[in-house]
Amino acid sequence: MKQTVSFISLGCAKNQVDCEQMMYLMAQAGYVVQAEPENVDLVVINTCGFIDAAKSEAIDNILTVAQKKAEGSVGKLLVTGCLAQRYQEEILTELPEVDGVLGTGSYFDIVSAAKQVLAGETVREFASVHAPVRETGRILSTPRYYSYLKIAEGCDNCCAFCVIPKLRGRYRSRRLEDLLAEAERLARGGTKELIVVAQDTSRYGIDL
């Protein structure tokens, strides 16, 4: 019987795209991706850690799923995203209900991390946040008529008030041909409106 996984995406649209890519990778690996985090082998919470309200929302979601885990309707809990990247040590030590953490540079390690967590291991993966952008498919979580198109990752502005460059790395534009190919796939799938997202859309292509 195939193992089941549910994803909870918090924060910005860029996070949502990351979550859609992780869902695709898990489905390709043979897992059943289901919408509701109930009666599921694994729940992945993709968190935001930018402002206090976002951090509180992430922790609330972790505690809610942890309660379901204690009640037996959830098997394992894996935390990914910006909160995990920002508080690498604190999450595992202060939230023992969490079975593993993946940083923002480790989204493509989701399948191996899931296997380890489901096998009873504790996972802690934090690859470089400056690595080149990798391409993969997505399982869309938006209504069919619109989709997000993430054109770049990271930020080079390094504003004094903002932690994004530390969490997401330097600015890396996706190749134009990759963007066009994805836009065409989305259009063929029924998307009528593409919403372009990045930390700084006006900087696109400067690094290419």
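How many bridges link strand E5 and E6, and are they paired in the parallel or antiparallel sense?

## The sheet

Let's start at that pair, keeping in mind that this is a predicted model. Strand E5 (residues 100-102) joins E6 in the parallel sense, over three bridges. Within this pairing, Leu102 sits opposite Glu125 in E6. In general, the strands of a sheet are paired through backbone hydrogen bonds, in either a parallel or an antiparallel way.

Now look at the whole arrangement. Six strands form an open sheet with parallel pairing, and their order is E2-E1-E3-E4-E5-E6. Strand E2 (32-34) and strand E6 (123-125) are at the edges with a single partner strand each, so one side of each has no neighbour in the sheet. From one strand to the next, the twist averages 25 degrees.

## A helix on the sheet

Helix H2 (residues 52-71) packs on the sheet, where it touches strand E1 (4-9), strand E3 (40-47) and strand E4 (74-81). The directions of H2 and E4 make an angle of about 165 degrees.

## Helix H1 and its partner

Next, find helix H1 (residues 13-28). Its 16 residues reach 23 Å from the first C-alpha to the last, close to the expected 22 Å. H1 is mostly covered, with 13 of its 16 residues buried. After H1 comes Gly30, which has a positive phi near 105 degrees.

H1 also meets helix H5 (residues 110-118): their axes come within 9 Å and cross at roughly 65 degrees. The crossing is right-handed. Met22, Leu25 and Met26 of H1 make the contact with Ile110, Val111 and Ala114 of H5. Of the residues in this contact, six are nonpolar, with no polar and no charged ones.

Methods
Residues numbered from 1 in each chain as written. Predicted model: local features only at pLDDT ≥ 70, side-chain atom pairs only at ≥ 80, totals over all residues. Heavy atoms only, no water. Pairing = 2+ DSSP bridges. Helix = DSSP H or I, 4+ residues; strand = E, 2+ residues; numbered from the N terminus. Axes fitted to C-alpha atoms, helices over the stretch in contact; angles between N-to-C directions. Contact = heavy atoms within 4.5 Å. Expected span 1.5 Å × (residues − 1). Buried < 20%, exposed > 50% of the residue type's maximum accessible area, 1.4 Å probe, protein only. Left-handed = near helix turned anticlockwise from the far one by under 90°. Nonpolar A, V, L, I, M, F, W, Y, C, P; charged D, E, K, R; others polar.
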